[in-house]
Amino acid sequence: LKNQNPNVEVASRPLSPESRKKKMYLPLNPIGPLQICLNEELDPYDTESQNISKQLAPDQRYFYYIRRGIPDEDVAPIEEKTINSIEKRIPVNLLGSEKLQHTRLALLEEVHENFKIALKQSIIEYVLLDPKEQQRLRIPQVSSIYEPRIVRAPVPWHENLNNVKNHITNNLFITNPIMLELLRIYSQFESSRLFDMSLFASSVLPMTIDDFQTILKNQCLTFKNKLLKEWLPVVANMFFTTKEQWYNVIAGSCLDPDLGYIKLDSFFKSVSAIMSNQLWSLVVHSLEDFENFFSKFANFNSDISVFTVRLTISGAQVKFDPPLADLESMIISILEEMVSAVHEIPRIETKLFTSLQGEPLFLSAMNVDDDRIAEGRNVRSIVSKNTFAPQKHLQSYDKYKAVLTHKAEKRIDEFLRERHELEDYEV
């Protein structure tokens, strides 16, 4: 359709770049026009500047002065730290590739050239801010920058994406600054462990299972006290000092008090989820350290023993004290003790609101029914491998059972009470 009114542009059809170039000066990209208007015979420092005015159009003069009006030696080069900052954004494998060195040098040369042109262009535009200089240089108007415009077709999922994003922001609060503070505080405690297995060096091994249990139980109590007396107070203090950032934004901005309480409850549920995950991570890392300690003894031929087991005689039996089956169960009980140490850690809102103090609100933690705790697969397999040699050693006493049961003494007494020939005694 042809526009009937020449003074009104048709808004439904945006102008193409070529059409806009015809309606205004060339865009502010001096490299292309300079290749057109550059004339080696023209000197911008010539007092007879009318030569330039006659031979070049205003837009060409603008780009000509950018290229020839300011000497290169009067423009500061780009700083080396800027080049280094640019190269840091490039993957190391691409930056160090020999095949791409030619491309790298070409791009660096382009960066230097663009930086120099940009400085000159800024100087010229600063000079042209003075109307007298515009008149003297006969450049009445600075060229406009062409801004490319992109038309995007309707995206059906865009609205749904925004709705989900807003729902996550207003209900999960993962973008709230408080969540970042929780992660920062956790970084101070993430190296803590329920067990310090470095105490069980080869110099103190072997030891009794009772001593082993006592040491680890005391460590669990120390860890729980650290959570209650260090971690939670630090988190609570952070909430007190940043109350304006979370309470007023979440609950204070709601006109409906009920809605404000609902949002506040959702906020602290998100806080509880993050702190529970952090507590879970501490237990998992401690469990890994515990399993790694026993994995050093996975080879049952190791010269280092962990536990002291004694051979005892009970009646006519030779047995271990403690029994190997009980030894395995006692090791698994240590894992249960570890899980119990992180149970009943109160949620942070019980420290912030007096109405919730004493309420049974606790962080979620690993349960004793977890497979790694209840079954203790890794630990059980290592312990069972190390019972083969003791059991074999125990079987070597089977040939002495007659002595333990006094059967040999009875047979000798019976033999002596009977009459035998001399040959029977020899046998």
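Predicted model: local features only at pLDDT ≥ 70, side-chain atom pairs only at ≥ 80, totals over all residues.

Colleague: Is Phe-173 buried or exposed?

Modeller: Phe-173 sits in the loop between helix H9 (158-171) and helix H10 (177-186). Its phi is positive, about 60°, although Phe-173 is not a glycine. The cut-off for buried is under 20% relative accessible area. Phe-173 has 5% relative accessibility, so it counts as buried.

Colleague: And Glu-344, buried or exposed?

Modeller: Glu-344 also has a positive phi of about 60° without being a glycine. Most residues other than glycine have a negative phi. Glu-344 belongs to the loop between helix H14 (324-341) and helix H15 (349-352). Its relative accessible area is 56%, and exposed means over 50%, so Glu-344 is exposed.

Colleague: What span does H14 reach from its first C-alpha to its last?

Modeller: H14 has 18 residues. Its buried residues include Leu-324, Leu-327, Ile-331 and Leu-335.

Colleague: Which residues form the covered face of strand S2?

Modeller: Strand S2 covers residues 317-321. Gln-317, Lys-319 and Asp-321 make up the uncovered face. The covered face is Val-318 and Phe-320.

Colleague: Which residue in S2 does Ser-314 stand opposite?

Modeller: Strand S1 (residues 310-314) pairs with S2 in the antiparallel sense, over 5 bridges. Opposite Ser-314 stands Gln-317.

Definitions and conventions: Residues numbered from 1 in each chain as written. Heavy atoms only, no water. Helix = DSSP H or I, 4+ residues; strand = E, 2+ residues; numbered from the N terminus. Buried < 20%, exposed > 50% of the residue type's maximum accessible area, 1.4 Å probe, protein only. Expected span 1.5 Å × (residues − 1). Pairing = 2+ DSSP bridges.
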